[in-house]
Amino acid sequence: MNSQLKLDKSILQILYYRYKAYIIPFLVIFVCIILLGRIIIPQMQSFVIIKEEEKEYRERINILKKNLSYLMGLSDSDLDAQLKILSVALPIDKDYAGIINAISNVSAKSGIGVGDYSFGVGKLSTESAKLEQNQRPLIRINLQLKGDMQKIRNFLKNLQKRFPLAEVLSVQFGASSATIQINFYYRPLSPIVYNEIDPISSFSKEDKDLINKLIEWQSVSEKLVSSPSSPSSALQGPLLEEQEKTFKSVQASPTVSSPSKSPQGPVTGVSSQMR
Amino acid sequence: MNKGINLLPNLRKDRAHRRKTVLIVRLTSILFLFIVSIFAITLFIIESQSPIASLRQQEADLLSNLAQLKTKRAKVITINDRSKNISDIINKRTDFYTISGVVISKIPKDVTSGSLEVDLKKTITMSATSPSLLAISTFLDNLVNITGEKKFFSKLTVGGISFQSKGNSYSLTVKADLL
């Protein structure tokens with residue numbers, strides 16, 4: 001057994017002396033192949049990913065810059081004024097007082113008498129607060145008007161330019177009276193959810209035209225309403241306060257994550273107060 | 001004596017071959033080492049010059065600036081939402097003033113409008129009375145012309161024409177579908 005061992009050892013020695021010159025080069029080649037396979041190639045692959053990430057960063061930064069410059073360019077007072085007029089036109093809550101005020105003012109201007117009327121109360125506020133993009137809860141009113149056809153037509157015309165915005169659904173003209181069905185819309189404040197890296201959709205020409213049209217209608221309405229304690233105008237204050245609360249809660253909400261961690265970017269989610 | 005018979009190994013030739021092999025192996029190992037070094041140095045340079053860190057910082061700065069404008073952004077979103085809804089309401093509304101005006105303007109002198117009703121299905125139902133059948137016919141022609149213009153009505157249906165001997169008058173009922 002010992003002779004066997006000696007024999008193996010001597011064989012190894014012979015082999016070592018014979019191939020000594022090859023050992024280091026082969027070891028170097030082996031190590032190089034390991035380095036290439038385990039480090040260099042994965043690094044090159046990650047380099048491509050880094051380049052893509054860099055491109056994404058640049059795109060996101062561009063959007064953020066545009067958003068920032070757009071928001072910086074907006075005046076707070078202008079936004080408040082626009083928000084105010086839009087909230088009067090489409091209230092955030094059931095504005096019964098505003099509705100009665102609109103009807104009485106328009107009927108007075110048109111020279112007609114308002115007979116019986118009935119209100120449909122609409123959906124409960126908790127239900128109406130969970131709204132989709134284009135959903136609008138409404139209050140339906142059935143109204144009896146007394147006057148000739150021309151005056152009733154004038155009533156319909158003037159009502160279209162009054163706030164809260166109304167949609168006449170049906171009209172039944174009689175000889176000297178009419179029965180009309182009107183929808184008055186409102187829209188509670190929806191939860192404001194947005195992604196920081198989404199581009200802000202700036203106000204279009206149509207939006208600006210709409211706001212100008214509403215301002216014009218409002219100025220006409222204000223000329224009609226001479227009494228300063230009109231229910232509609234009295235409601236504007238509390239309604240805007242409600243909105244302010246919602247917007248302040250947006251500011252207080254934390255930013256969820258940085259875009260580098262999530263490809264979608266941070267999502268700011270805020271629930272407005274449900275009414 | 002045969003000179004072609006050589007019992008000693010050809011040591012010189014063997015050594016030369018061995019030396020050549022060792023040289024090739026060494027050169028290959030140097031080449032590998034060179035390639036790996038070049039790649040490593042290149043990657044190191046690229047990584048050290050990558051703008052990701054500065055971009056990340058820039059983005060964080062922008063996000064913190066935007067965070068201060070959250071209220072404004074919420075207002076913009078609310079304004080967009082409300083103006084979209086208001087546009088929908090305004091565009092959806094039927095202009096009863098104009099439509100009733102058009103219909104009334106087409107009623108001849110001898111014809112008296114009995115009732116005019118616009119229902120939820122956007123259908124106008126009208127009734128008119130007149131002592132003259134010719135006037136009724138003129139009124140009907142006028143309504144047909146309005147329908148032909150395709151501005152207000154898409155369809156016109158005559159409900160019926162009847163004669164009331166009590167009042168000695170003709171009455172007409174028509175239905176028109178609004179566009």
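**Largest cavity and the contact of chains A and B**

A:Met149, B:Val103, B:Ile104, B:Ile107, B:Ser113, B:Ser115, B:Leu116, B:Met126, B:Ser127 and B:Phe139 line the largest cavity. In chain B, the elements that give two or more residues to this lining are helix H4 (96-105), strand E1 (112-118) and strand E2 (123-130). The model is predicted. Between chain B and chain A, about 7,600 Å² of area is buried.

**Cavities**
- Two cavities of 30 Å³ or more are present in the structure.
- The largest cavity holds about 50 Å³ of space.
- E1(B) gives the most to the lining of the largest cavity, namely three residues.
- Seven nonpolar and three polar residues make up this lining by class, with no charged residues.

**Extent of the contact**
- Chain A brings 96 residues to the contact and chain B brings 67 residues.
- Carbon and sulfur atoms give 66% of the area buried between the two chains.

**Polar links and the chain B side**
- Eight salt bridges are counted between chain B and chain A.
- One salt bridge joins the side chains of B:Glu59 and A:Arg60, at 2.8 Å from N to O.
- Polar contact is made by 24 residue pairs between chain B and chain A, both residues being at pLDDT 80 or more.
- On the side of chain B that touches chain A, two or more residues each come from helix H1 (11-48), helix H2 (52-67), helix H3 (70-92), H4 and E1 of chain B.
- H3(B) supplies the largest share of that side, 22 residues.
- By class, the residues of that side are 29 nonpolar, 19 polar and 19 charged.

Technical notes. Residues numbered from 1 in each chain as written. Chains lettered and ligands numbered in written order. Predicted model: local features only at pLDDT ≥ 70, side-chain atom pairs only at ≥ 80, totals over all residues. Heavy atoms only, no water. 1 Å grid on protein atoms, 1.4 Å probe; cavity = no way out; pocket = protein on both sides within 12 Å on 5 of 7 lines; lining within 4 Å. Points joined across faces, edges and corners; volume = space filled by probe spheres on them. Helix = DSSP H or I, 4+ residues; strand = E, 2+ residues; numbered from the N terminus. Nonpolar A, V, L, I, M, F, W, Y, C, P; charged D, E, K, R; others polar. Contact = heavy atoms within 4.5 Å. Buried area = accessible area lost by both parts, 1.4 Å probe. Salt bridge = Lys/Arg side-chain N within 4 Å of Asp/Glu carboxyl O. Polar contact = N/O pair within 3.5 Å; in protein donor to acceptor, adjacent residues only side chain to side chain.
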